Structure formats: C-alpha cells, structure tokens
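Please look over the sequence and the model first, then read the notes below.

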Amino acid sequence: MTTPRPRSLEQPKQLGAGTLQAEISSFALRLAAEGKAAKTIRTYTEAVRWFAATGLPGQAGRPSWEQVSSQDVQRWMIWLLARYSTAYASNQYRALQQFFKWLAAEDGLPDPMAGLQPPRVTDKLVPVFTPAELTRLEQACTGRSFAQRRDTAIIAVFTATGLRLAELAGLRCSDVDLWQREITVRGKGGKDRIVKIGHQAARSLDRYQRARSRHSQAWRPQLWLGMGNREPLGAAGIYQMITRRGRQCDVAAYPHRFRHHFSHTWLDRGGPKAT
C-alpha cells in the first residue's frame, strides 16, 4: 500500500477499536489462513482499527459492526482526503472494503460499502531520469571506498532492473549470479523471479562484492552491508542513501523514480506492457 503523505502534521493514529476488536482479530486470522503476508495483514487490520477508533464520530461506544452505515464510511473518506493523498485514502478504502466483505459472508451482516466507489486517484507525473542526471548520480558515487562501491552498485541495479525498494533491500549474496548476469528476486507473496542485468551493472556488482569480501561483516547473508559494525542496509537505509546522493549532485532521486524510469525505457525498447 502507498505510504501516507500528510498534507499537515497529524497526531499518531488512534487504533483502539474497543468492543469492535474481536471481529478485527478474526479477520486477521482469516487473512493469515489465506497465506497473506504479515505486512499485508498488518496494513489491512490497522486500517480497520483506525476506522473503528476515529471513523465513527461521537459513537465510539457502538456495540456492533451491524450499526455501521455507508454514511460513516463516506465521512471517514472525506476526513482522510482532507489530510492525505488520494492514493493513500483509496488504499484505506480497499482495506476496509475487504473487511466488510468478509464480515458480510462470515456473520451475514449488511455490507455498508456495497454500492460505494473508492476515491479517484489523481495520477502524479513521475519524471524519468535524463542521461545527464544518471551520469551525475554515478559521478556522485565515484571512488574506491566501500560506501562508494556499494552505492554505485545499488544505483546500477536500480537502473538496470526497476526493482521495488523492498525487493532490492531483501537481496542476499546468493541471489546474484554474475556469470549469468542474473539476480533472483523475491517479490510480493514470496514468489521468486529472475531478472537480467547488463554488463555495466554486473561490473558494478563485481566491484562491490570484492570490497564487500574485505568487510568485517562479510559473513552476513544480506547483500547490502552497512558501514563498520552497523546493521545491513534495509529499505529505509537505501532510501536515505539514494536521496542523499541525489542532493550531492542536485538530482531528485528516490527509489520509485528508478522503477518508473525502467518501465518507461523498457517500453521504449519494445518491451510489452505489464498486464
């Protein structure tokens, strides 16, 4: 789900569902039984708990989900849209929709969202990188230090594959086959796939792996190591590194822009549209 982008400073989410928590816990159990990822379960159930705590103004003591109306849902959507992006509000809507569909089938309750439509998402133009911008990013990482070799490799893999941030952060050393120029990626739902990389990305990875072999924590399975004795780079660390390198060379760089750039250039090269 899309990360919220508050339009103004917000207080922490209120997630106390009170007497409505029992059904939310049962919903989480159902999602787990369906094999949903832990992150998906947490995201869905948090949306429902948030609605239960704040989406029913003046009626927080309701004893039953049966009394929730379509007007309650609509008011909550209006509240979200006044504070967050349309994409985030739409994601919250869809999580709540799945809960009420399950509740209607499980307990035979009326679905208050039947006939409602999710908020229309306003598409935002994500610019592709220009050749000059990519050159400046590469130059910002030029050097032989461990951090420079690592950051060069990360940017090269992002550019060559368009991986999601979580996918790139989750790579292990064993996922990289430089001879075949292939990387095994674990995507959504734990499904593996193989992506190809070009010679330039393979060379950058090779240089990083040689620097990595001399690192004090080279024994770790994670591909992207931190500096010194720090933990390996996770998604947040990679995001911060990308934006920091971008600031160094005056380029608006963030992980999703690489993904958009890859999709754009893939179509330009004659690749098929995703279906």
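Predicted model: local features only at pLDDT ≥ 70, side-chain atom pairs only at ≥ 80, totals over all residues.

A residue is called buried when its relative accessible area is under 20%, exposed when that area is over 50%, and partly exposed in between. By this cut-off Glu167, with a relative accessible area of 5%, is buried.

**Overall make-up**

- The chain contains 10 helices and 3 strands.
- Along the sequence, the order of these elements is α-α-α-α-α-α-α-β-β-β-α-α-α.
- The chain has 275 residues, and 39% of them count as buried.
- Among contacts with a separation of 6 or more, 61% are between residues 24 or more positions apart.

- The whole structure holds 13 salt bridges, and one of them joins Arg245 to Asp151, with 2.8 Å between the closest N and O atoms.
- This pair links distant parts of the chain, since Arg245 sits in helix H9 (residues 235-248) and Asp151 in helix H6 (residues 146-161), 94 residues apart.
- Arg245 counts as buried because its relative accessibility is 9%, under the 20% cut-off.
- Asp151 is also buried, with a relative accessible area of 0%.

- Arg193 and Glu167 form a salt bridge through their side chains, at 3.0 Å from N to O.
- Here too distant parts of the chain are linked: Arg193 belongs to strand E3 (residues 192-196) and Glu167 to helix H7 (residues 165-169), 26 residues apart.
- The two partners fall into separate classes, as Arg193 is partly exposed at a relative accessible area of 31%, whereas Glu167 is buried at 5%.

- Arg220 and Glu231 make a salt bridge whose closest N and O atoms are 3.7 Å apart.
- Both residues lie in the loop between helix H8 (199-212) and H9, 11 residues apart.
- Arg220 counts as buried at 16% relative accessibility, while Glu231 counts as exposed at 56%.

Conventions. Residues numbered from 1 in each chain as written. Heavy atoms only, no water. Helix = DSSP H or I, 4+ residues; strand = E, 2+ residues; numbered from the N terminus. Buried < 20%, exposed > 50% of the residue type's maximum accessible area, 1.4 Å probe, protein only. Contact = heavy atoms within 4.5 Å. Salt bridge = Lys/Arg side-chain N within 4 Å of Asp/Glu carboxyl O.
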